[in-house]
Amino acid sequence: MFTSTRDAEELLRTASLRVTAQRSAVLLMLERHPHVDVRSLKALVVSHIGSVSTQALYDVVGALVG
């Protein structure tokens, strides 16, 4: 389990994914709230980084799953 944005960024690098604020925030929020729906995930990410589109959330989750 990771606890910080830095940990999330390191995990992204390890998976050979480009590190972005959106990817880091989504990964961190999914770690903290593993069974969250998209609407709630968006609210969590927005509270963490300020803004994110719903499409960006789907794109990030797709990249993380792939």
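For counting charges, Lys and Arg are positive and Asp and Glu are negative, while His and the chain ends are left out. Keep in mind that this is a predicted model.

**Exercise 1.** Work out how far apart the mean positions of the positive and negative charges of the chain are.

*Solution.* Start with the tally: the chain has 7 positive and 6 negative charges.

**Exercise 2.** Describe the fold of the chain by its secondary structure.

*Solution.* Count the elements, and you get 4 helices and 0 strands. Now read along the sequence: the pattern is α-α-α-α.

**Exercise 3.** Decide whether the radius of gyration of the chain agrees or disagrees with that of a compact globule.

*Solution.* A compact globule with 66 residues would come out near 11 Å. The chain has 11 Å, so the two agree. For the extents, its C-alpha trace spans about 30 × 20 × 20 Å along the principal axes. As for burial, 26% of the 66 residues count as buried.

**Exercise 4.** Find out what surrounds Arg 23 and how far away its nearest side chain of opposite charge is.

*Solution.* First place the residue: Arg 23 sits in helix α2, which covers residues 21-32. Next, skip the neighbours within four places in sequence; Arg 23 then touches Leu 12, Leu 17, Arg 18, Val 60 and Ala 63. Finally, look for a partner: a salt bridge needs the atoms within 4 Å.

Note on methods
Residues numbered from 1 in each chain as written. Predicted model: local features only at pLDDT ≥ 70, side-chain atom pairs only at ≥ 80, totals over all residues. Heavy atoms only, no water. Helix = DSSP H or I, 4+ residues; strand = E, 2+ residues; numbered from the N terminus. Buried < 20%, exposed > 50% of the residue type's maximum accessible area, 1.4 Å probe, protein only. Contact = heavy atoms within 4.5 Å. Rg over C-alpha atoms; globule rule 2.2 N^0.38 Å. Charge placed at Lys NZ, Arg CZ, Asp CG, Glu CD.
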